[in-house]
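Good morning, and thank you for coming. I would like to take you through one structure this morning, beginning with a single residue and ending with the whole chain.

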Amino acid sequence: MAYTLVTPYRWETYIDEPYSKYARLAGRRFNGGTIDGPIAPSMTDVPRGQSLLVTGTTVVMTQTPSQDDLAAASYYFLGGHEYVISDEQAAVLIAAGYSDYVTIIV
């Protein structure tokens, strides 16, 4: 049986620290959106892919893996991509709590 993995992402503004959902809008007039509701993240933020590094049965999620991190991992899945993965890889990801990103190919 085959599986697909779509790596996770998170919404992020142009600046990292301190994280502010509306940092990109600071000091700018905002046209559109809602008057009484929250502003959709897609209007203020950019999706950033999260990479999954697998070493044995340990899975680490990181946004910016280094070359050394990638070389030390048994295998890895770079953020922002879709992969076809094996049963063994799917079992490791599901056991590590990443089942939301794994789908059976029918």
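Is Phe 77 buried or exposed? Phe 77 is buried, because its relative accessible area is 5%, where buried means under 20% relative accessible area, exposed over 50% and partly exposed in between, with a 1.4 Å probe and protein chains only.

Before I continue, a word on the source. This is a predicted model, in which local features need pLDDT of at least 70 and side-chain atom pairs count only at pLDDT 80 or more, while totals for chains, interfaces and linings use all residues. Residues are numbered from 1 along each chain as its sequence is written, and side-chain values use heavy atoms, with hydrogens and water left out.

Let us turn to the aromatic rings. A pair of aromatic rings is described by the distance of the centres and the angle of the planes. Rings of Phe, Tyr and Trp (its six-membered ring) pair if their centres lie within 6.5 Å; planes under 30 degrees apart count as stacked, over 60 as edge-to-face and the rest as tilted. The structure holds three such aromatic pairs. In one of them, Phe 77 and Tyr 83 have ring centres 5.1 Å apart and planes at 65°, so this pair is edge-to-face. Tyr 83 is partly exposed, at a relative accessible area of 21%. Tyr 98 and Tyr 101 make a tilted pair, with 6.4 Å from centre to centre and 35° between the planes. Here Tyr 98 counts as buried at 13% relative accessibility, whereas Tyr 101 counts as partly exposed at 30%.

Next, the interior. A nonpolar core is a set of buried Ala, Val, Leu, Ile, Met, Phe, Trp, Tyr and Cys residues joined through side-chain atoms within 4.5 Å. The largest one has twelve residues, among them Phe 77, Tyr 98 and Val 102. Strand E1 (3–6), strand E4 (51–55) and helix H3 (87–95) each give two or more residues to this core, and H3 gives the most, with three.

Finally, the chain as a whole. Helices (H or I, at least four residues) and strands (E, at least two) are DSSP runs, numbered from the N terminus. The protein chain has three helices and eight strands, in the order β-β-α-β-β-β-α-β-β-α-β from the N terminus on. Of its 106 residues, 26% are buried.
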